Amino acid sequence: MTDAAAPLMLFNSLTRQLEPFNPVHAGEARVYTCGPTVYNYPHIGNMRAYVFADVLGRTLSFKGYRLTHVINITDVGHLTDDADSGEDKMEKMAAEKAQSIWDIAEHYKQAYWADVKALNIREPAHWTIATDYVPQMIEFAKGIAEKHCYELESGLYFDVSTVADYGRLARAQTEEGQSRIDPVPGKRNQMDFAIWRKTPPGEKRQMEWDSPWGRGAPGWHLECSVMSGEVLGFPFDIHTGGIDHREIHHPCEIAQNQAHCCTNGLDDAANSGAKLWMHNNFLVERSGKMSKSSGEFLRLQLLIDKGYHSLAYRMMCLQAHYRSELEFSWEGLGAALTRLKRILLGVIRADNLVRQAEVEHGSTEYQSLREIKRDYVACRDRKMTVPSFREKWGSTSDDLLATYLRDFEEAITSDLSMPEALALIDEVFGDKKVGPLNRLRFAAISDLVFGLDILGLNRADLRIRPKSATITEAEIEEALARRKEARAAKDFATSDAIRDELAAQGVEVMDGDPLGWEWKLGD
Ligand code: AMP
Ligand code: ZN
């Protein structure tokens, strides 16, 4: 399990190439992820971006790097369009709801954190809140203003022609992107952007600060440059975000970073402020782009309310490579849930076999399994490091397990190929030559990266149970027990009647279910 065996290769959006991960600081990995603008609930597409960043962080930990991950919370400055047009998203929502921006920010930040938790996304080392960094933003802007910016009536603008290779990350700006740029009178270049927006004379914003360019608020791009540089130092290792950020937000961040660090062109990626820029592709709906305003608002909570375990959605994300578009459908979510159930069944069966071996011939494997589980929980709760776990349970003299572990490492280090890595866990559980304890070892080790809680879940967790259902589990179990008795007595009329009664209450009895989940609740 050395780096030489499987160097971590990651796709750099800046060079459009796979590159080996070579940390700026030996043994460390410093990662910044563009976080949510907390003016509304995140949709599940947004959450795909954080599942991706989490899998990246887990992979870096798995490879033994000391990870410092930062995710910001944008509570000011993000306009309704990524470019410089529209209103501040936070101000707009606060006006619509007749609430203070601070209350809006707090409410949606908590909602976002609940989704983070439900998806088993590890807490980053820092959640940076944009409004906590305004003085630093003003200092940063002061530092680059003279050489790179100019003032207009509406604010302080960054002149993109003052840095080399502006927009390289985007390659070609699309027409859609171009048309979104606000035609502010007096702008020197179409792509110039505001780094400080002045409050128009006679107006007052809920969030505004004094600055050398008048009272106003920072631009969204400025926020991320400042928070990433402040906490991680330039250059840091990896900057992540959704693919939409490749076009405007990140090119603007890069331009500011170049200005701030006095670096030149982008042939050397580190001049951009980060050595690697990584972007997840979109989760889309059949009808097109995912949106918070049209159609069904696909929040994680909606999936949970319809009865799906939140980790079924995480599984759905892992089943696609992060650079591929992923289409959301309820059938797809159902299939991901089935996959998770299948793995859990494998875990339960292997667990039973290990216990049985102890009872039947005093095997000590169960003792080891208890220890694995204890360490697995310690690792999840960050009381044990991932490398310590791997050292203890990942080195093995069993050739077959060693081969599977090596293949797993190769998959995750090939630009985070989770679909391949997941195929391996299916293989391990289907391979009769792998003993039950080794299957569980593989499950525990791979789950350090998957984060699917596969040793922590139980069958009841994965049962489909919509919020609208009123019948209790105990009532269902009791009815099923009566039905079993009736069937045993060949009283099929009673058995069918019980089945119908249950169906009327939304319970589908699944007699032939190969996974043996026995029943599920429908809508
Ligand atoms: P926002 O709160 O709009 O700034 O978005 C938060 C994160 O979600 C950003 O990294 C976006 O690039 C990303 N994102 C937005 N929509 C999607 C989507 N449909 N699929 C995947 N990522 C998305
Ligand atoms: Zn950002």
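This is a predicted model: local features need pLDDT of at least 70, side-chain atom pairs count only at pLDDT 80 or more; totals for chains, interfaces and linings use all residues.
User: Which residues line the largest cavity?
Analyst: A cavity is a set of points, on a 1 Å grid over the protein atoms alone, where a 1.4 Å probe fits but cannot get out; lining residues have an atom within 4 Å of a point. Residues are numbered from 1 along each chain as its sequence is written, chains are lettered from A and ligands numbered from 1 in written order, and side-chain values use heavy atoms, without hydrogens and water. The lining consists of R58, N120, R122, Y376, C379, R380, V386, D447, L448, G451 and D453.

User: Which element gives the largest share of the lining of the largest cavity?
Analyst: Elements are DSSP runs numbered from the N terminus: helices (H or I, at least four residues) and strands (E, at least two). Two or more lining residues come from α11 (365–380) and also from α15 (436–450). The largest share is 3 residues, and the helix that gives it is α11.

User: Which domains each give at least three residues to the lining of the largest cavity?
Analyst: The protein chain is assigned domain 1 (9–280), domain 2 (301–459) and domain 3 (463–521), with bounds from an automatic or database assignment. At least three lining residues come from each of domain 1 and domain 2.

User: Where does the second largest cavity lie?
Analyst: Its lining is made of R48, V51, F52, V55, C317, L318, A320, H321, Y322, L416 and M418, and these divide into 9 nonpolar, 1 polar and 1 charged. α1 gives the largest share, 4 residues, and α9 (310–318) supplies at least two. Both domains named here give residues to the lining, so the cavity lies between domain 1 and domain 2.

User: Which element gives the largest share of the shell around ligand 1?
Analyst: The shell holds residues with a heavy atom within 4 Å of the ligand. By class these are 6 nonpolar, 11 polar and 1 charged. At least two shell residues come from α1 (44–62) and at least two from β10 (236–242). The largest share, 4 residues, comes from α1.

User: How far does a polar side-chain atom of D244 lie from an oxygen atom of ligand 1?
Analyst: Of the 18 residues around ligand 1, D244 is among those that come nearest, together with G45, Y50, G242 and L283. A backbone N or O atom of L283 lies 2.9 Å from a nitrogen atom of the ligand, and an N or O atom in the side chain of N280 is 3.3 Å from a ligand nitrogen. For D244 and the ligand oxygen the distance is 2.4 Å.

User: Where is P235 found?
Analyst: The peptide bond from F234 to P235 is cis, with omega near -15°. Most peptide bonds are trans. P235 is found in the loop between α6 (220–232) and β10.

Technical notes. A polar contact is a pair of N or O atoms within 3.5 Å; within protein, one must be able to donate a hydrogen and the other to accept it, and residues adjacent in sequence count only if both atoms are side-chain atoms. Ala, Val, Leu, Ile, Met, Phe, Trp, Tyr, Cys and Pro count as nonpolar, Asp, Glu, Lys and Arg as charged, and the others, Gly among them, as polar. On a 1 Å grid over the protein atoms alone, a cavity is a set of points where a 1.4 Å probe fits but cannot get out, and a pocket is an open set with protein on both sides within 12 Å along at least five of seven lines; lining residues have an atom within 4 Å of a point.
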